[in-house]
Amino acid sequence: MRTQSSATAPTRIAVSGPTKASAGTLQAALGVIAFSLTFPATAWGLEGFGPWSLVAVRSVLAALIAGGCLLALRVPLPARSHWPGLAVVAAGVVVGFPLLTTLALQTSTTAHAAVVVGLLPLTTALLSALRVGTRPSRTFWTAALAGATAVVAFTVQQSGGALTSADLYLFAALLVCAAGYTEGGRLARVMPGWQVVGWALVLCLPLTVPATALALTYEPVRLTAHSVTGVLWVAAGSQFLGLVVWYRGMAAIGIPKASQLQLAQPLLTLVWSVLLLGEHLTVAAPLTAAAVLVCIAVTQRARG
């Protein structure tokens, strides 16, 4: 395969500002809807797969979809300078976040996980600010600290006075996913968003293929309608299509504005947890999610 460079990149048709912004907003919103279904779909998948098998199988299936698209369209290899960023996307979004959240969901409800991961837009905005060297205002830091405090208080209260292993998995997932989102959003400005996702997935194949074979050997699989639907959704919907439209949206409207749309994700996941899984919400869950939403809205406004 030849290497893609700025000299050989395909010419793009110019799109007017408002039209581009509207399309970017729609794409980012579709990504949020896809992501909001990830935890319920993972819970379904865990009904028939072990955690390691579920993560490995979803990554391989998503990579096969992405690789097929890359081959069919004869997409050239990314420039060498893009590979470190793609490695960060792969480590954070393809492997790290799915694995850590799946391990957490073995003992945590999807509603609880949704509230904790509700800090993702704030974490992404923070890493984005550090990545580009900007200095957030005092208002930003105050709101960020308030949001983090609300989530920590919620997790401690829900866990009986101490953080559980599931909470630690979720907080680690926040960091690695935010790093992947930040690098992916940056790369999506210089190459199509779906190619960012596609190459990150393909980059992981030497790891995910043997991991799949090993995990399926040691973890029993029970195929049911729920487990199959869950795996297919997290592979095709969350891991590929959702990320494609999300990165395209971030590239069009910017990481901060896209993060504003992600404010709705925890609340949507709470709704899905009730409708699809029959979970019963505590009063603290929607209240904490709403508090985090307000804090993140303030951080976004503080950043202009």
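I began with the surface, and the protein chain exposes about 13,800 Å², of which carbon and sulfur atoms supply 69% (Shrake-Rupley method, 1.4 Å probe; for residues, only the protein chains shown count as cover). The model is predicted, so to speak by record: local features need pLDDT of at least 70, side-chain atom pairs count only at pLDDT 80 or more, and totals for chains, interfaces and linings use all residues. Residues are numbered from 1 along each chain as its sequence is written, and side-chain values use heavy atoms, with hydrogens and water left out.I next looked up the fold, and found 14 helices and zero strands in the protein chain (DSSP runs: helices H or I of at least four residues, strands E of at least two, numbered from the N terminus). Of its 304 residues, 49% count as buried (under 20% relative accessible area, with exposed being over 50%).

I then turned to a nonpolar surface patch of about 430 Å², made by L216, V221, L223, V228 and L232 (residues with over 30% relative accessible area and no salt bridge, nonpolar side chains joined within 5 Å; a salt bridge is a side-chain nitrogen of Lys or Arg within 4 Å of a carboxyl oxygen of Asp or Glu). L223 sits in the loop between helix 10 (205–218) and helix 11 (225–253), and L223 is exposed, with a relative accessible area of 63%.

Last, I checked the second largest pocket, which has a volume of about 200 Å³ (an open set of points on a 1 Å grid over the protein atoms alone, with protein on both sides within 12 Å along at least five of seven lines; lining residues have an atom within 4 Å of a point; the volume is the space filled by probe spheres set on the points). Helix 10 gives the most to this lining, with five residues, while helix 3 (51–72) and helix 4 (83–104) each supply at least two. Among the lining residues I noted W52, V94, L207 and L214.

Terms used: Patches are made of residues with over 30% relative accessible area and no salt bridge: like charges are joined within 9 Å, nonpolar side chains (Val, Leu, Ile, Met, Phe, Trp, Tyr) within 5 Å. Buried means under 20% relative accessible area, exposed over 50%, partly exposed in between (1.4 Å probe, protein chains only). On a 1 Å grid over the protein atoms alone, a cavity is a set of points where a 1.4 Å probe fits but cannot get out, and a pocket is an open set with protein on both sides within 12 Å along at least five of seven lines; lining residues have an atom within 4 Å of a point.
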